[in-house]
Each structure stands twice: as C-alpha cells, then as structure tokens.
Amino acid sequence: MDQVKRLLNWGDGYRMGVTGKGVGVAVLDTGVYMHPDLADRVVAFRDIVRGRMTPYDDNSHGTHVCGIIGGDGRASCGRFQGMAPECHLIGVKVLDKRGNGFASDVLTGLKWVRENKERYGIRIVNISVGSFNRKVMSEDSALVRGVDAAWDEGLVMVIAAGNQGPKEKTITTPGISRKVITVGTSDDDQAVMVMGDRMVDYSGRGPTESCVCKPDIVAPGSKIISCADRQGRYQIKSGTSMSTPLVSGAIALLLEKYPCMTNVDVKLRIRERAVDLGLPHNRQGWGLLDVARLLCD
C-alpha cells in the first residue's frame, strides 16, 4: 500500500505546476451537490432524469466522484483534495437516487455533452457507471456505440471496469469498448463495502467477449475519502467508480500541461507511463497509474 501511495501522489500536479485549470471534465452520474470544494467550478448542470435546472445529487455517488476529480479541499483546509483542484466540472445526472438508470438516459447525456463540449471546454468524460446485463455486453450495443461516437469526436472517455470481479469477462458495459480508457482498481484485495455489500477482489477482469484485453489501467479505489452531499462533509466510498475519477483527474493535469494532446495521445501516454505491478494483463491492464511519470517531460 505504501508503494501505491508513493506512485499516486495527490500533490504531484502542484509540484509540477499544473492543477487542471482550463480543462473541463463532464461527469455522468447521480448529479453533483454544491459542496464548498466544488461549488465555484461547477460551470454547467444537466438533469436527464428529472429535468431540474439547479445542481443536486440525491444519492451522493456523483458528488464523491466529482470531489476525487476536482475537489479543492477548502472545507478540510486542504486535507482532502482532488486530483485536479482547478479543473471545471460539468455535472450530468443520468442516474436516479438509488444509483440506477437507463441506457437511454446515459446516451442522452452523452449527446448533450457532445453538443456542448466547445461551449464548456469539455475534454474529458468520466463514466463511473456500468451494466453487466448480458443483453448489452456486445461491442455493437447502444452504450458502446455511444461512448465510441464521443471518442471519435475527440473526447477522452474514462470508464469504470465495474465491480463484478474476480472472474474473467466481468468488465461492464460500456467499459468493454476497445476505444475508451477502462479503469480497474489496484487495491481490491482489501475487503471493503461497495454499494452496501462487503466485497473483495471485486474489480472487473478481462478479456471482453470479443477477446479485447481490459482494463487499460488501474488506480486505487478502496476506502477513498471525498466530498459528501452535505455542507462541508466528506465520506468514504470504494469501487472502480472511485478509481476512474483518479484517472480522469490525472488526465486533466496532463491536458493542462499539454493542451494539444488528442485522446489517442493521452491513451498512449498512459500506457507508456504506467507501472507494471507484475499481475496478469486482464487484471492490471498496462499497470498502475503513476501521476509523476505521466506528467514528466
């Protein structure tokens, strides 16, 4: 665990002069609560589920994800800070208060992001959401086609591998897409509570049904502290949903430093700078996210 903490240091961006400033990250999730660590950088909100105009989160999952990406830590005097504390956030509510949703709502949210990416400077889309329904496990499914279309328009799509491990072929949709960056959890050997269930070795494993090696990268996801849906409060959550925004936040740092990078450039850079943990590829992908190596010249 000490090695993980050393490799994934929240302060690496600051020391290298990048904080994600100017980079927009869209988060398709349960919404976003206007926590003090986030409020002045939530530049847009779209509610696909209920059509409300002002930001809210009736579950807390989306707020936690946003905090990992870009919380500035002001409510904790800097103790609990996200990866890219000066990025701006675009909340897109596609899941209900129980964290459930429909593929159609996710696709509507993606369509809105694509239509508004220039307006809000969106470079990255974080989707800590996935389905393990066998009916949608094909690369020809609507969800996969949706994230692929967004990738083809230049967006960096960062998708959770899901919590259905440890068996093979347990990557959830749309993480099975061969184009997107699919994120697993590096420390799922710890027993944790995920969505009310005690789990261990939960991170989704590849290959996909089409024999594509997944995940692409892993990052810590167990017992991550981030923003709660209460004023100035924090909470602990676990799962690949938490690993995914760590990678999204790191990419925001990278895109501030190298704004001309394409999504393909970003994916290649992550592959080249990952740290091999010596685990099977369908468990670790290219290896562990290393922020310092990712950002260095």
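Thr172 touches Gly130, Ser131, Phe132, Met137, Ala160, Ala161, Gly162 and Gln164, leaving aside residues up to four places away in sequence; touching, or contact, means heavy atoms within 4.5 Å. You'll find Thr172 in the loop between S5 and S6. Thr172 is buried, with a relative accessible area of 3%. Buried here means under 20% relative accessible area, exposed means over 50%, and partly exposed is in between, using a 1.4 Å probe and protein chains only. The S and H labels are DSSP runs numbered from the N terminus: strands (E) have at least two residues, and helices (H or I) at least four.

Before going on, a word about what you're looking at. This is a predicted model, in which local features need pLDDT of at least 70 and side-chain atom pairs count only at pLDDT 80 or more, while totals for chains, interfaces and linings use all residues. Residues are numbered from 1 along each chain as its sequence is written, and side-chain values use heavy atoms, with hydrogens and water left out. The chain averages a pLDDT of 93, and 94% of the residues score at least 70; pLDDT is the predictor's confidence in each residue, from 0 to 100. Over residues 1–8, pLDDT stays under 50, and the model has 16 contacts beyond four places in sequence for that stretch. Where pLDDT is low, the predicted coordinates should not be read in detail.

Back to that loop between S5 and S6. Pro174 also lies there, and the peptide bond leading from Thr173 to Pro174 is cis, with omega near 15°. There's another cis bond from Lys214 to Pro215, this time with omega near 0°. Pro215 sits in the loop between strand S8 (197–199) and S9.

Now for the sheet. Seven strands make up an open sheet with parallel pairing, in the order S2-S3-S1-S4-S5-S6-S9; two strands pair if DSSP finds at least two bridges between them. At the edges are strand S2 (42–47) and strand S9 (217–219), each pairing on one side only. On average, neighbouring strands of this sheet are turned by 25° against each other, direction ignored. For angles like this, axes are lines fitted to C-alpha atoms (for helices, over the stretch in contact), and angles run from 0 to 180 degrees between N-to-C directions.

Let's walk through part of that order. Strand S1 (residues 24–29) runs parallel to strand S4 (residues 122–127), joined by five bridges, and Gly24 stands opposite Ile122 in S4. S4 then pairs with S5 in the parallel sense over four bridges, where Ile127 has Ile159 in S5 as its bridge partner. Three bridges join S5 to S6, again running parallel, and Ile159 stands opposite Thr182 in S6.

How many of the residues of S5 are buried? Five of its five are. Both faces are covered, with Val156, Val158 and Ala160 buried on one side and Met157 and Ile159 on the other. Helix H5 (residues 142–152) lies across S4, strand S5 (156–160) and strand S6 (181–185), running at about 150° to S5. Helix H7 (residues 263–273) also packs on the sheet, touching S5, S6 and S9, and its direction makes about 35° with that of S6.

Next, a pair of helices. Two packed helices are described by the angle between their axes and the distance between the axes. The axes of H3 and helix H6 (residues 240–257) come within 8 Å and cross at roughly 35°. From H3, His61, His64, Val65, Ile68 and Ile69 meet Ser241, Met242, Pro245, Leu246, Ser248 and Gly249 in H6.

Ile68, in helix H3 (residues 61–70), is worth a look. Is Ile68 buried or exposed? Ile68 is buried, with a relative accessible area of 3%. Apart from residues up to four places away in sequence, Ile68 touches Gly82, Met83, Ile224, Ser226, Met242, Pro245 and Leu246. The C-alpha atoms of Ile68 and Val247 are separated by 9.5 Å, though the two residues are 179 apart along the chain.

Cys77 has a positive phi of about 55° although it is not a glycine. Cys77 lies in the loop between H3 and strand S3 (88–93) and is exposed, with a relative accessible area of 79%. Asp201, not a glycine either, has a positive phi of about 55°. Asp201 lies in the loop between S8 and S9 and is partly exposed, at 31% relative accessible area.
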